[in-house]
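I open this notebook to record what I looked up in the structure, entry by entry.

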Amino acid sequence: MSVVSEGSSKRRALRGIAASAALVIGVFLLLLPFKEDLNTTEVALTLLLVVLLASTFFGSRAGLAASVAGILGFNFFFLPPFHTFTITGTENWTAFAAFVVTALVAGQLSGYAKRRAAESERQKREIEGLYDELRQAFDKASEAEALKRSEMLKTALLDAVTHDLRTPLTSIKASVTTLLDVPSKSEMDQAGQRELLEVIDEETDRLNEFVEGIVGIAKVESGALDLLRTPSSIQEIIEIAASRASRILRNRLVETDIPADLPQVFVDPVSIAEVFFTLLDNAAKYSKEGSLIRVRARQMADGIAVSVEDQGVGIPRPQRERVFDKFYRIKESEIHTTGSGLGLGLAIAKGIVESHGGGISVDDGDDGFRTKFTVTLPTEAV
Ligand code: ADP
């Protein structure tokens, strides 16, 4: 490969030299008939032009060939005594010397410029090649990553459907069948029937939760959240969320610290109450009975930051970003708690907060609290 390109570049150089020599000869043939009318400066300048053209188009070696041919011809035809390679007179010597120096320097300079241009063109092509290679590698990597993610999502969705759709349906079906199969009410005592009805009640709630979760995430993802943003009190939003979660919060102590003089947040209060419901629900779900949950609000430079902290099982650092992915659940937290869920709550919460121009993050809690979720909300239209 390199032998071939070396051979072809030599041939190209030889062709350049031949073309330059032909150019110089051509110019001499053109000038000679007008020898009487031309002075040495005019001839020297014309020859210089040829040297420049030769080195620009064919490279510095061709430029050198044109210079040498030009120098010889200039001396032979145009500097007295004519048709000899000798020169007489200071004036002619000066003209000759000036021509020699200018031709050589100009020829080499423009040849050098041509080489530099070729070099930078080659570097540009190399960089473009590298960039293409990198982009292809990057595309491939992100394709693989996207594929992996979509596979994980499919598995998670399948798990969720099996667990959250089929399990409640199976329980409901079994309870209803048992109730229907009882020939007369007397054969099953009231307490037994009530138990089965409670199973149906709980399991339909779970189904409802599942449908709500799926609809919620679909709304977030399709950008179909109907946000009615108004200046709202963060205190009232937290109260609404806490009262919705009152059943699960029954055995937890909730401490709130919301300064009365906080400015209002510019949000859709219903959606944001939903976000805090999810956070309070999780804080209770993943902590022990009797533990403390703390809600604090503070004014920041870019809005109001509200944190929800719990003393529960905590979230290992490596999983902290992923808990906001849809259908993502940490298996170990189930071992320590009875928390059941779809793994959609935080994904929906993130979608809602971000469509308000806010943010949500998770960290270690302060003062010995294990987990702290912080939501930042704008105080004016953004
Ligand atoms: P769900 O609670 O329905 O599983 P979420 O999206 O609300 O779904 O939460 C995703 C996962 O993040 C949970 O399954 C749980 O493992 C973890 N998680 C969320 N909040 C907490 C918390 N306060 N403490 C510990 N783990 C949590």
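Which helix gives the largest share of the nonpolar patch? I found that helix α2 (residues 40-58) contributes the largest share, 4 residues. I worked on a predicted model, in which local features need pLDDT of at least 70, side-chain atom pairs count only at pLDDT 80 or more, and totals for chains, interfaces and linings use all residues. Residues are numbered from 1 along each chain as its sequence is written, and side-chain values use heavy atoms, without hydrogens and water.

Surface entry. I noted that the patch consists of Leu23, Leu49, Leu53, Phe57 and Phe58, with about 470 Å² of accessible area together (Shrake-Rupley method, 1.4 Å probe, with only the protein chains shown counting as cover for residues). Patch members have over 30% relative accessible area and no salt bridge, and nonpolar side chains are joined within 5 Å; a salt bridge is a side-chain nitrogen of Lys or Arg within 4 Å of a carboxyl oxygen of Asp or Glu. I located Phe57 in helix α2. Phe57 has a relative accessible area of 55% and is therefore exposed (over 50%).

Strand entry. I looked up β4 (residues 292-300) and found it parallel to β2 (residues 253-257), with 5 bridges (pairing needs at least two DSSP bridges; strands are DSSP E runs of at least two residues, helices H or I runs of at least four). β4 also runs antiparallel to β5 (residues 303-310), joined by 8 bridges, and the two form a hairpin with 2 residues between them. I recorded Ile293 in β4 opposite Val254 and opposite Asp310 in β5.

How values were computed: Patch = residues over 30% accessible without salt bridge, like charges linked within 9 Å, V, L, I, M, F, W, Y side chains within 5 Å. Buried < 20%, exposed > 50% of the residue type's maximum accessible area, 1.4 Å probe, protein only.
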